Structures are given as structure tokens and as C-alpha cells.
Amino acid sequence: MCGIVGYTGNRQVLDILIEGLEKLEYRGYDSAGIAVHNGEMKIFKSQGNISSLKSKLPSRFEGTSGIAHTRWATHGIPNERNAHPHLSFSGNLVMVHNGIIENSEEIREELFANGYTFVSETDSEVLLNLIDYEYVVSNDNILQALINAQAKAKGSYAIVLLDKNRPGEQVICRHGSPLVMGLDDSGCYTASDIYAISEYATRFVFPENGDIIFAGTDGIREVYTAEGKKKSLEEKKYIVDGRLSGKDGFDHYMMKEIFQQPEIARDLLSKPLPVVSEKYSAEEIDNIFRTIKGVTILGCGTSWHSGLIGRYLLERLARIPANTEYASEYRYRDPVIPSDYLVISISQSGETADTLAANTLVREAGAITLGILNVKNSTLERETDMQIYLEAGPEIGVASTKAYTAQLVRLAQLAERLAWVRGETVNSTLLNGDLRQMAETMTMILKRSGKLKMLADKYSDSNNFLFLGRGLNYPSALEGALKLKEISYIHAEGYPGAEMKHGPIALIDHDFPTMAIATDRENLSKMVSNIKEIKARNGRIIAIIQEGDESVRSIADDYFEIPNVPDLIAPMVTALPLQLFAYYISLNRGCNVDQPRNLAKSVTVE
Ligand code: M6R
């Protein structure tokens with residue numbers, strides 16, 4: 001997490017840094033800071049988000065080389081002292097860092113023993129002082145200092161360093177954390193995410209693990225490996241998705257992104273599923289899909305929820321064994337990884353640390369990997385054999401909405417494709433017509449958002465919520481609960497309907513309402529029984545039902561009707577009322593919808 005941005009060239013740097021930070025704010029907003037080298041080094045920091053930092057900056061401020069940071073706290077509380085950029089012990093180096101130094105305590109002790117003291121509690125300052133120490137030891141040879149420091153530091157980092165004695169020069173280094181550099185005729189940009197600099201830069205390079213890069217007003221001057229061997233980096237042109245442009249009249253990014261879902265679904269469903277690969281030809285991909293013996297799906301958070309639905313769709317349509325795993329658990333349990341399985345990693349950002357690590361594990365074990373991702377040029381794209389893009393445009397709201405439904409559409413398309421190549425031809429056309437209606441169905445739901453606002457007004461005071469669903473609606477229940485808790489700070493639990501009797505029912509009373517996702521025709525009578533059991537204990541029910549369904553409507557306290565859709569694609573539709581319900585409750589409770597407390601959009605630390 002955390003976002004870093006840097007620029008050196010012949011333009012004034014302040015606006016570049018501030019605009020870059022604003023685009024990176026989704027990565028964390030506990031504190032922010034900038035350093036500008038305009039002959040002398042000036043550092044400004046603030047607790048809180050970029051607006052607090054802006055209010056602290058002088059109105060006139062010159063300088064053409066600078067770095068900036070927006071923080072998601074890992075080591076040390078969110079305050080000004082722990083904010084970046086950090087100044088080194090010698091006073092010569094200033095640095096911003098994204099990542100985690102795992103052996104920072106050990107290094108801190110060693111530096112203490114060498115007379116170093118620290119201003120902050122951060123692992124970043126430890127890394128900076130390690131570089132500072134190695135700089136002194138190697139007689140001001142910054143390349144050697146970085147070679148030595150990288151050999152000692154364990155963990156992940158993307159850093160940009162300024163040296164007081166070398167105005168206009170920046171030294172960049174990365175291992176594990178995302179980093180892109182951009183170039184234009186004016187100079188050289190560095191950022192955690194391409195969107196932070198894509199307004200200016202026209203050509204891009206993606207530093208590899210261990211790379212040490214010297215940048216100056218004339219662009220990238222030299223690149224070295226972690227061992228100090230000279231190398232070069234390939235420049236790429238990149239067209240940035242235009243859908244980034246602001247909130248488009250909505251009060252929040254989350255609401256804009258909820259309302260983008262019909263258009264995204266329409267776009268995705270208007271073409272056959274594109275599976276991209278530099279490694280395999282189209283025939284080879286079909287052959288892989290035909291011959292694999294099973295599928296493992298990996299992901300975290302919302303992407304794990306879509307993976308749970310993907311498992312169901314793959315089994316149901318393609319009749320192939322499938323399992324879905326939390327990437328964070330999978331990577332540490334010494335899993336058996338069959339080499340004839342396809343492993344699918346799902347990630348909006350393509351930068352989630354646990355998903356990437358689990359993907360590396362399966363790659364090393366020889367499995368074929370497929371990434372389903374939204375952010376192009378992300379690490380997951382580079383580290384998978386095949387890719388399917390969500391094409392949802394940048395998702396800025398921390399709560400994932402449009403990426404989730406795009407994942408579901410892509411997984412349905414993939415399940416159909418596998419069904420087709422594996423000879424399950426009847427199943428392969430099962431969804432066709434209904435999927436094509438998806439955009440219209442979503443639009444109809446958005447038109448009913450007023451009803452969800454009314455429901456939110458009624459239930460905003462509840463401090464606990466149970467979300468229940470059976471079959472495909474169980475992952476939807478998990479996703480609905482996650483949306484509510486992350487943006488409104490209400491305790492919410494998602495459960496399969498049948499499991500309720502095994503414990504959670506003890507919680508039920510009038511103040512503990514249940515959101516029952518009761519659209520699944522196959523299991524409807526069982527869901528009706530669950531709802532009655534809750535009602536018998538004085539619990540209140542809000543039900544999401546298929547239009548015209550009397551069996552649930554007659555017993556629920558409140559209901560929201562979705563247009564009639566087949567069970568298999570209901571999750572793509574029910575996601576929308578669940579998102580809107582969470583959105584309106586968050587507003588009613590005065591929470592920060594787009595930037596909920598303690599969270600960040602990209603979880604780049606494990
Ligand atoms: O970028 P990813 O899809 O890998 O992110 C995974 C989770 O961090 C993410 O889905 C998170 O759970 C969202 N905030 C949920 O809304």
C-alpha cells in the first residue's frame with residue numbers, strides 16, 4: 001500500500017506531485033508529504049489525506065525535482081512524525097518508500113550500534129538510514145550503497161531517493177512493490193501506478209526486481225541490477241483508459257462506479273471472451289482448456305467472493321472440478337498443486353501481495369496460470385501465462401463494485417468457453433440469451449435505487465447485520481456483508497442459509513436484522529424456512545427476491561425485487577442492490593464512502 005510519486009525535469013514539480021498523489025490516494029490516506037529540491041531541500045508533511053497536506057503548503061513554491069508520498073500505516077501510527085518523505089540521519093538523503101521491510105528491527109539495532117538515531121517508528125526510515133550508512137561506508141558511492149543495502153534488507157520496497165548534494169538527480173530502486181517510470185520531453189516521472197503520471201508521460205518503463213535507476217532532468221541515465229551490473233529497460237507506449245476522469249457529477253466514486261456497471265457489462269458481453277497470452281497461441285489455449293483436469297481459483301476479499309461464484313459456474317457449466325482458495329491461506333499451507341490444473345488468480349489491482357505470492361508458488365510448481373485482472377501492466381499481468389482483462393476502467397472507490405460484477409461476467413464467459421471446448425455443448429449456451437440482457441437488467445435495478453435508500457434510512461441505526469444466501473447466493477451474502485462493514489463500519493456476517501442454525505441464530509433479535517438473498521429458485525423453499533425461523537425469534541428480514549415472488553414477500557419485513565433472471569446469473573444482479581444499500585447506509589452514518597478508515601485500495605503488503 002502507500003503511493004509514491006517523483007519527478008525531475010524542467011517543469012515546476014509541485015502540481016505534478018500533488019496531482020499524482022491525488023490519483024494515488026486510493027492506496028492509503030493516513031498521512032501525506034512532499035520534498036522538493038530547489039537548491040535547498042524543503043519537506044512538508046501532514047497527518048491525514050492530501051487536502052490536509054495542501055492546506056499546509058506555501059502559496060508560492062518553486063522547484064523542478066521532488067518526491068511525494070501518501071501513506072497507509074504499517075509500522076507506527078498515522079502521524080506527522082511517521083509521514084514520508086523521511087530525512088536520513090546524516091541529513092543528506094530524503095526518501096519515499098512503498099512496501100515493508102521485514103527485518104527492520106534487526107537493522108535498526110545494528111544502526112543503533114553504529115550511533116544512528118531515529119525520528120519515526122517506521123521501517124522506511126530504517127531502510128533509508130541503512131542506505132545512508134552504506135553511503136558513508138562506501139565513500140559517497142550511492143550505487144554501492146544501494147547494492148549493499150539491498151543485500152541486507154528483506155521485504156518489499158519501491159523507493160525514490162533525493163540527495164542533497166545532487167540537485168536534479170533521483171535514484172529509484174524496487175523489489176516486490178509496484179513501480180512505473182514515465183518519460184516525456186521535459187523529464188522523468190516515477191509512480192506506484194501509471195495513472196498518477198499518465199497525464200504527462202508518453203513513454204513508460206517498468207523496473208524489475210532489484211533494479212537501481214539513476215534519473216535526471218534528461219531522463220533515465222543509467223540502470224543497474226541489484227548486483228551492480230549495467231542493464232537497460234525496454235520502453236513501452238501505453239494508452240490509458242479515459243474512464244478515469246473524475247466523479248462525473250456523482251458525489252462519490254463508488255456511486256459513479258456502481259452506475260457504470262451496465263455499460264461495462266454491455267461492452268464485455270458484446271464480444272467473445274478475449275484470452276490474451278504471449279506464451280500460448282489461440283489453439284494452444286483451447287487445448288489447455290480442453291485437457292486440464294481441474295481449476296484452482298485464488299483471490300482475496302471481493303475477488304475471492306467472485307472466485308467462489310466462478311467455482312460454481314465452472315463446475316456447473318464445464319463440469320470440471322474447481323476449488324476457490326484465499327490466496328493468503330493457500331500460499332502458507334504447503335498445498336498439493338497438480339501440474340494438470342489451471343490456476344486462476346483474480347485481482348482488480350493485479351498487485352495484491354498475497355495473490356501475487358500464491359501465483360508465484362503455483363508457477364514455480366509448474367501449473368499453468370491465468371490472471372483475471374483490471375489494471376493493465378500490473379504485476380499479475382506480467383507474472384501469469386494468460387490474461388483476461390476486466391476492462392472496467394480504473395476503480396477508485398476502495399469498496400470494489402464494478403470490478404466485482406466484471407469478474408462475474410468474465411467468469412461466466414470463461415465457464416461457457418471451457419464448456420464448449422470440453423464438449424459440454426448444451427451447457428455452453430445455457431447463459432447466452434440471459435447474459436445479453438444483463439445490462440438492461442442492471443439498469444432497471446439502478447432505476448429502483450430510491451427504494452434502497454428508503455431501506456437504508458430504516459435500518460441505518462442497526463449495529464449488526466446477518467446476510468444469508470444459499471448456493472450461488474452464499475458468496476453474494478459474503479460480498480453484501482463485506483460491502484456494508486467496510487464502508488459503514490457496521491458488524492455484518494455472511495452465512496450460508498443452512499449454517500444459520502449451527503450458531504448464528506443465537507444472535508438474532510429485533511435489533512439484529514437479516515438481509516436474506518432469496519432469489520435462488522432451486523433452494524427457495526429452504527430459504528423460506530430459514531426466514532421463518534428468524535421471524536419466529538423476533539428477527540427482522542429484508543429480502544432480495546425475484547419479481548413477483550409471493551412466498552418470501554409475504555413473510556419479509558421489507559423486500560427489494562430484482563427483474564427475473566436465471567439463478568446462475570442472479571449474483572451479477574443482486575450485487576447492485578447490496579452495493580447501493582451499503583452506500584446509502586454509509587452516507588447516513590456520515591462515513592467516508594470512498595476512503596473508509598483503515599483501508600487502502602491495493603493491499604500490497606501481506
Ligand atoms: O485488487 P484485488 O482485487 O486483488 O483486491 C482484493 C481485495 O483487497 C479487495 O477486493 C477488497 O476486499 C475490497 N476493498 C473489497 O471491496
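Start by selecting Ser 277 and Asp 385: the side chain of Ser 277 reaches the backbone oxygen of Asp 385 at 2.8 Å. Keep in mind as you click around that this is a predicted model.

Where does Ser 277 sit? Colour the helices and you will see Ser 277 in the loop between α7 (261-269) and α8 (282-291). Is Ser 277 buried or exposed? Its relative accessibility is 18%, and because the cut-off for buried is under 20%, Ser 277 counts as buried. To see what touches Ser 277, show Ile 285, Asp 385, Met 386 and Gln 387; residues up to four places away in sequence are not counted here.

Next, draw a distance from the C-alpha atom of Ser 277 to that of Thr 8. The two are 269 residues apart along the chain, and their C-alpha atoms are separated by 35 Å.

The domain assignment of the protein chain gives domain 1 (3-240), domain 2 (242-436) and domain 3 (447-594). The C-alpha centres of domain 1 and domain 2 lie 33 Å apart. Where these two domains meet, the contact takes eight residues from domain 1 and nine residues from domain 2.

Now centre on the ligand. Why does it lie between two domains? Domain 2 (242-436) and domain 3 (447-594) both give residues to the shell around the ligand, so the ligand lies between them. Show that shell: 15 residues surround the ligand, and the closest are Ser 303, Ser 347, Ser 349, Thr 352 and Glu 486. Coloured by class, the shell has five nonpolar, eight polar and two charged residues.

- Thr 352: an N or O atom in its side chain is 2.4 Å from an oxygen atom of the ligand.
- Ser 303: here too a side-chain N or O atom is involved, 2.6 Å from a ligand oxygen atom.
- Gln 348: this time a backbone N or O atom lies 2.7 Å from an oxygen atom of the ligand.

Taken alone the ligand exposes 410 Å², and the protein buries 91% of that. Highlight α9 (301-318) and α18 (473-488), the elements that give two or more residues to the shell around the ligand.

Stay on helix α9 and pick His 305, which is found in it. With a relative accessible area of 5%, His 305 is buried. Beyond residues up to four places away in sequence, His 305 touches Tyr 404, Pro 475, Leu 478, Glu 479 and Leu 482.

For the next stop, go to helix α1 (residues 14-24). Which residues of α1 are buried? Select Leu 14, Ile 16, Leu 17, Ile 18, Gly 20, Leu 21 and Leu 24. What covers them includes β1 (3-9), β2 (31-37), α2 (50-56), β4 (65-71) and β10.

Follow β10 to the last stop, Ser 186, in the loop between β9 (180-184) and β10 (187-191). Ser 186 counts as buried, at 9% relative accessibility. Its side chain and that of Tyr 189 are joined by a polar contact of 3.5 Å. Finally, show Tyr 7, Gly 9, Asn 10, Arg 11 and Thr 217, which are in contact with Ser 186 once its neighbours within four places in sequence are left aside.

How values were computed. Residues numbered from 1 in each chain as written. Predicted model: local features only at pLDDT ≥ 70, side-chain atom pairs only at ≥ 80, totals over all residues. Heavy atoms only, no water. Helix = DSSP H or I, 4+ residues; strand = E, 2+ residues; numbered from the N terminus. Buried < 20%, exposed > 50% of the residue type's maximum accessible area, 1.4 Å probe, protein only. Polar contact = N/O pair within 3.5 Å; in protein donor to acceptor, adjacent residues only side chain to side chain. Contact = heavy atoms within 4.5 Å. Near = heavy atom within 4 Å. Areas by Shrake-Rupley, 256 points an atom, 1.4 Å probe, with all protein chains shown as cover. Nonpolar A, V, L, I, M, F, W, Y, C, P; charged D, E, K, R; others polar. Domains from an automatic or database assignment.
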